[in-house]
Each structure stands twice: as structure tokens, then as C-alpha cells.
Number of protein chains: 2
Amino acid sequence: MFIGCQFSLYPMTDRFVDVILGAVEGLKDREDLRVETDDLSTLLVGASEPLFEAVETCFLKAAAASGHLVLTATFSRGCPGEPDDPICRPASPESGQTAAITTVDPTQLAPAGLEVAAQFSLYPLGLSDYMEVIYQEIEATKEAGTFSRGKHFCTRLEGDARHVFATLRAAFDRAATESGHVVLTATVSKGSPTEGSGQ
Amino acid sequence: MFIGCQFSLYPMTDRFVDVILGAVEGLKDREDLRVETDDLSTLLVGASEPLFEAVETCFLKAAAASGHLVLTATFSRGCPGEPDDPICRPASPESGQTAAITTVDPTQLAPAGLEVAAQFSLYPLGLSDYMEVIYQEIEATKEAGTFSRGKHFCTRLEGDARHVFATLRAAFDRAATESGHVVLTATVSKGSPTEGSGQ
């Protein structure tokens, strides 16, 4: 099963090159992820857990170095035409076998100490009852405590960065059990000066 | 039929507030679009032609005022649960009746004079043969002269901003004839300093 994401960091500062390079430093040395970069985005291929962890880490590093920062990401699992990739299977160190997907509970995680606003959309493809999967995951964000409000075409989240990223991962992982091919797009923002943003 | 988009501008400069406010100035006065803004994105609801024209205009205005700029947008048509909206029907001034969708041919448009790089993904929802629609639209970008290369989860475009936006609109409009609910996500970038970006 091919799992990956394309993500981008947008630091709204004249120093954006340094902020981005500092945030992604070391990413290409990781053995649990395949990494490719061009001028538009960085591709990560791997299992869900290290994938989301890496994106969150890059976001937090960039956030520490800039005022207003936005991350956008497209997570995809099971896209037809992509080869199966062993790096996408979560490893079980004891047995050397692949383990089942374990989804985190956002409410159980220690906060990162950074408040963010986010919005996400879920696209379970090839299913006639795809709206059921979407509604189910919107409900789950309410239990996770990160739901802010529904918007046209997406759902708004607010909360600590760790809880927000965990909410996104949980929605993505669970939706993948319902659909062979699922895509989740997300925007995560820190430090917007816009009035009423709650930041 | 409900048509709309959520779009955001990310000027990578300390002056990002001024660049964004200058780019969206006058947008709320338009009578052919419904406009709502929060700290994450601007919603536009309306017919396909004014919708794409407005997004392109905002991008070009912001691009003229900043070095490296990225626009991200999610276009959606036919999302279940959204009400029908008269503003989304293209108007025929002579008859007072709504007109059929007319799709532009990107190769016939005068260029805007700004080279950009872009990537887009198309999600026709609720269809078992959705990959056929996607492959068809990727082929169409080759005829439009804006195709650059396939990437994981998206297709990269390069060319003049007007041709790139027209390619996106054509893909969105045509895919909508195959699917009741279609989403297109796009990233458009100008002035990236990344080596090998062709900008």
C-alpha cells in the first residue's frame, strides 16, 4: 500500500529560505521515509506514523523561527497506479513483521505548546457512500476536542499543534479502513494577524 | 449546483499583510460572487468563469507586489448538502436565462506575462471509474501546452499564469460533466528561488 504526502511550508517573512531550510534539515537522512523536493513541495513516502511525525516536526521547527507560518499538505493512501512500497508498512521491531495500523487518540497526547488554526478536507475515492465516511470523521474531530466549525468544502480545527496533527492523522488512518484510495488535504496556520482568528 | 472555492495567498515577505490586502481589494464589492474571509482562506461562490477570473486577478495583483508568492486553492462543484445557488449559474445577458458552461481553450488566450509553476489534483467523487476522468484531464494538459510532469498525487504545470489558470479551469469544468461532485486542488507559485524550478 503506497502512502505518502506532498507538503509545503510558507513562512511569511523575508527570511523564508532560511526558515524552510532549517525546518527540513536532516529530513533526507531519515531511513524510514523516502524524500524528494522541488520548488513546489516536498514528497514523503512511508508509513503513516513517521510521515505525520515528520510533517509536524518540520512545522514546529519552522514555527519557532517565524511569525506567521502556514503549512499545506496532501496525504494520500492507496492511489491506483502507484507501486506497493515496503517503506509504507509500519514495522514491528520485535518480530520483524509488519504491524497493524495503530491510530492515536489526540486527547491523550502531551501538547506541543503552540496554538494553531487548521482546515482539512477528506476525499475517499471510488465509493458511492463517501459522504458517510466524511461525516463520520467530522464527528470524530468533535470528540478529539479540536473541532472549530464547518466551512464550505472543509472543516476548521483549532487547538494545540500536536492535537491538531493527531486529529488529521486519525481521520486519515480511519478513513483508509473504509476506502482503498483516500486523500486528505490540510492547511495549518500559526500566528495569523487576521482579527477574529483566535490566534 | 453549488460552485465555489477556498483560496489563500502566501507572499513570502515581511510585507505580507499589505500584499494580501492589496490583492483582494474590491473583491467584496463584486455582485457576481459571494465572498467570505477568515484567517485561513477566502471563500468565493459563483459561476466557474468569474470564480477563476477573480482568483487569477488576485494572484496577479499579489505577484506584482511581492517576490516569491504562492497561491493555494480548492475548487468544488456539486458537493452534497450544499444548497443550489443562483449565483453559480452562468448568466446569458441577452435572454436572462442561464447559459451552458463554456470552457476556454488555454492555447487561445493572450499571456499575462508572468511565468509560474503549478501542481494540481482532481478528485471526482462517488465514481468507481474516477481514475479515467483524472487520466483524461492529465492528457488535456498536454494539449494545452502547460504540462510539465507527473508527480506523486498531482500533475505539475509550467507556463504563463493565464494559460496555467485556464488549464485548471478547463480540467475542473470538463471533469464536472463526468461527475456530480468534483474537487480540484491547486498550488500556483511565482518567483521561487529553488534551483531547477525553471522560474
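Predicted model: local features only at pLDDT ≥ 70, side-chain atom pairs only at ≥ 80, totals over all residues.
Residues are numbered from 1 along each chain as its sequence is written, chains are lettered from A and ligands numbered from 1 in the order in which they are written, and side-chain values rest on heavy atoms, with hydrogens and water left out.

Chain A contains four helices and eight strands, where helices (H or I, at least four residues) and strands (E, at least two) are DSSP runs numbered from the N terminus. Read from the N terminus, the order of these elements is β-α-β-β-α-β-β-α-β-β-α-β. The radius of gyration of chain A is 16 Å, close to the 16 Å given by the globule rule for 199 residues, so the chain is as compact as a globular protein of that length. This radius is taken over C-alpha atoms, and the globule rule is 2.2 Å times the number of residues to the power 0.38. Along the principal axes, the C-alpha atoms of chain A fill a box of roughly 45 × 40 × 30 Å.

Of the 199 residues in chain A, 58% are buried, a term that denotes under 20% relative accessible area (1.4 Å probe, protein chains only), with exposed meaning over 50% and partly exposed lying in between. Among contacts (heavy atoms within 4.5 Å) between residues of chain A at least 6 apart in sequence, 75% join residues at least 24 apart. Chain A carries 15 positive and 28 negative side chains, and the centres of the two sets are 3 Å apart. In this count Lys and Arg are positive and Asp and Glu negative, without His or the chain ends; each charge is placed at NZ of Lys, CZ of Arg, CG of Asp or CD of Glu.

Helix 3 of chain A (residues 130–143) comprises 14 residues and spans 21 Å from its first C-alpha to its last, close to the 20 Å expected at 1.5 Å a residue; the expected span is 1.5 Å times one less than the number of residues. Its buried residues include Tyr130(A), Met131(A), Val133(A) and Ile134(A). The buried residues of this helix pack against strand 5 (115–125), strand 6 (147–151), strand 7 (154–160) and helix 4 (161–176) of chain A, and also against strand 5 (115–125) and strand 8 (181–190) of chain B. Gly145(A), which follows helix 3, has a positive phi near 80°.

Lys151(A) lies in strand 6 of chain A and is buried, with a relative accessible area of 15%. Leaving aside neighbours within four places in sequence, Lys151(A) contacts Gln119(A) and Arg156(A) as well as Gln6(B), Asp38(B), Leu40(B) and Ser41(B).

Most residues other than glycine have a negative phi. Phe153(A), although not a glycine, has a positive phi of about 75°; this residue is in the loop between strand 6 and strand 7 of chain A and is buried at 11% relative accessibility. In chain B, Phe153(B) likewise has a positive phi of about 75° and is buried at 12%.

Thr13(A) occupies the loop between strand 1 (3–11) and helix 1 (16–24) of chain A and is buried, at 7% relative accessible area. Not counting residues up to four places away in sequence, Thr13(A) touches Val19(A) and Ser66(A), together with Met12(B), Thr13(B) and Asp14(B).
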